[in-house]
Amino acid sequence: MTAALLGTDRRAPACATPGRPAPVALLDAAALATVRRRAGLRPAPAAPRPERAPADPRPALPEAAARRLTTLLADRSGGAGGRRGSSPDLMELLPQWLAAANAHGYAAPPQTLPALLDAARGRTDLRPAALAFAGPRALWLARLNQDWRFALRAAPGGAALPAPEDTGAVRKLWSEGLFAERAALLGALRARTPALGRDLLASTWSTERAEDRLMFLDSLRTGLSGADEPFLEQALGDRSRNVRATAADLLAALPDSALAARMAVRAAACVALDRTGNSPVIVVEPPPECDSGMERDGVVATPPSGRGERSWWLGQLVEAAPLGTWTGRFGGRTPRDIVALPVADGWQGELHAAWCRAAVRQRDAVWSRALLGAPSAPEAGGPGAVSLAERAKLLAALAPSERAAWVAGFIATHGLSEAFQLLGVCAVPWTASLGRAVVDALNIARDAGSYPWSFSGVMGLAERCLDPAETVRLEALLAVPDEREDAAPGAGGYWAEAFQRLVTTLRLRAVMTRELTPAPTDTPTGPP
């Protein structure tokens, strides 16, 4: 080894055969040592063979779709920088393909499982759909390869979970299983029999580690109901601050809980309607202190840097109070009327931001609609939405069709410069009206000589979310336009290239959909 590292010109091999050139002698010695080491190994008892891979009863993927999957998994252009030309980004189409394949209930071809697991390992956003498509055989493979162990943690089926009726097996796995197995068991029970999952957690609650209590408690979001309130009230006294905060967050999501009622009383004491003037005005008096009762109910006493204490406490109280509190507090007014009321002394931003967070937490469509306002409003944000992120969260509380209509109206008035986050919460494929609004706005931006690179994010979304039926309208935009004098250099060619890629991707998505559609079963039509 020393001779090999230093080089045979500087160090001759120790056991060199006389007359042999030093490099050849070195390789002879290495070969001899290798054979000697192999011959000296003693036979060991054979390791047990792996268990047979489980069967996958789902129907096989159509041949064309299987070939398409191989192509999608082989593509690695998604992470590359620079211009992509007019070629579709296949890796960005993989999530959509997996969703469609799962909707049809197909089984993954066995030979694609390693590539599927590798793709899911590199992209966490792919894991739920990829593991659902890969099925039980992927979990079997994951137990044999350390690189794929994430699948056992991410998939509820990573361990063979007992049926809820098998009480003994459930108790045994809960008391003896690894954390990932216990978490999967609790998640499965909460999805099917929430009360059984809660009672199982309560039976060992006092002996769990703080970090485990936090993870287990968060799983109660599935199937959350008023029946969980006594257990969550008990968790408000936990030693861990994070556990207490999670328990308070879960209780605040139950409008009829005692914690929600306590928060409503505190918030109502801080916000009132002053009718003494010519028109009613909302007046705000934030809490003077954060007492122990507020802290127990999840109010964080110490504000972030640069934030006033009293406004910080007020925001948390209003956010946790049931939104129904304010209709009674303000004389039966509707949410839209309440949001339109003026707020004295500069408290409007703080109050409306807290109402936004409450509407998102409680998934209240009426309040979300009121806070969003009209999409054509001049301020482009509604009276209560303080940021694009806030508006996106409020939109998520609306029905998909209403969400798409609001975003389409927003784009028609304000263009695409602020629409990226809003488009991200719209259902796929986009509705016809939303698709038209996006295409028209892109066309306007092109004709105005705008920098095309500013719209690359929206264009990428359009490739994945536009209905392929829009291809016909887009074909008219493929020509390179005459560049204006004030346009960005080369913008016309880039726009034509981007639209060409968009059209090519939409056509490919249409083909992928057809490939996944089961062939009609030939049925006899009668005697010839």
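Tutor: Let us begin with a term. A residue is called exposed when its relative accessible area is over 50%, buried when that area is under 20%, and partly exposed in between. Please keep in mind that this is a predicted model.

Student: What makes Arg363 exposed?

Tutor: The relative accessible area of Arg363 is 55%. The cut-off for exposed is over 50%, so Arg363 is exposed. Arg363 is placed in the loop between helix 20 and helix 21 (365-372).

Student: Where is Asp345 found, and why is Asp345 called exposed?

Tutor: Asp345 belongs to the loop between helix 19 (335-340) and helix 20 (348-362). Its relative accessibility is 69%, and because exposed means over 50%, Asp345 counts as exposed.

Student: Which peptide bond is described as cis, and what is its omega?

Tutor: The bond that joins Val428 and Pro429 is cis, with omega about -5°. Most peptide bonds are trans. Pro429 lies in the loop between helix 24 (420-423) and helix 25 (432-447).

Student: How do you know that Arg123 and Asp125 form a salt bridge?

Tutor: The closest N and O atoms of Arg123 and Asp125 are 2.8 Å apart. A salt bridge requires a side-chain nitrogen of Lys or Arg within 4 Å of a carboxyl oxygen of Asp or Glu, so this pair qualifies as a salt bridge.

Student: Are Arg123 and Asp125 buried or exposed?

Tutor: Arg123 has 18% relative accessibility and therefore counts as buried, the cut-off being under 20%. Asp125 has 51% and therefore counts as exposed, the cut-off being over 50%.

Student: What makes the pair Arg121 and Asp147 a salt bridge, and what does the pair tie together?

Tutor: The N to O distance between their side chains is 3.8 Å, and the limit is within 4 Å, so Arg121 and Asp147 meet in a salt bridge. Arg121 lies in helix 5 (residues 113-122) and Asp147 in the loop between helix 7 (136-142) and helix 8 (150-154), so the pair ties together parts that are 26 residues apart in sequence.

Student: Why are Arg121 and Asp147 called partly exposed?

Tutor: The relative accessible area is 43% for Arg121 and 40% for Asp147.

Student: Which parts of the chain does the salt bridge of Arg198 and Asp228 link?

Tutor: The closest N and O atoms of Arg198 and Asp228 are 2.8 Å apart. Arg198 is in helix 11 (residues 194-204) and Asp228 in the loop between helix 12 (210-218) and helix 13 (229-235), 30 residues apart. Both Arg198 and Asp228 are buried.

Student: How many salt bridges does the structure hold?

Tutor: The structure holds 33 salt bridges.

Student: How do you know how the protein chain stands against a compact globule?

Tutor: A compact globule of 528 residues would have a radius of gyration near 24 Å, whereas the protein chain has 31 Å. The C-alpha trace spans about 115 × 80 × 70 Å along its principal axes.

Conventions: Residues are numbered from 1 along each chain as its sequence is written. Side-chain values use heavy atoms; hydrogens and water are left out. Helices (H or I, at least four residues) and strands (E, at least two) are DSSP runs, numbered from the N terminus. Buried means under 20% relative accessible area, exposed over 50%, partly exposed in between (1.4 Å probe, protein chains only). The radius of gyration is taken over C-alpha atoms; the globule rule is 2.2 Å times the number of residues to the power 0.38.
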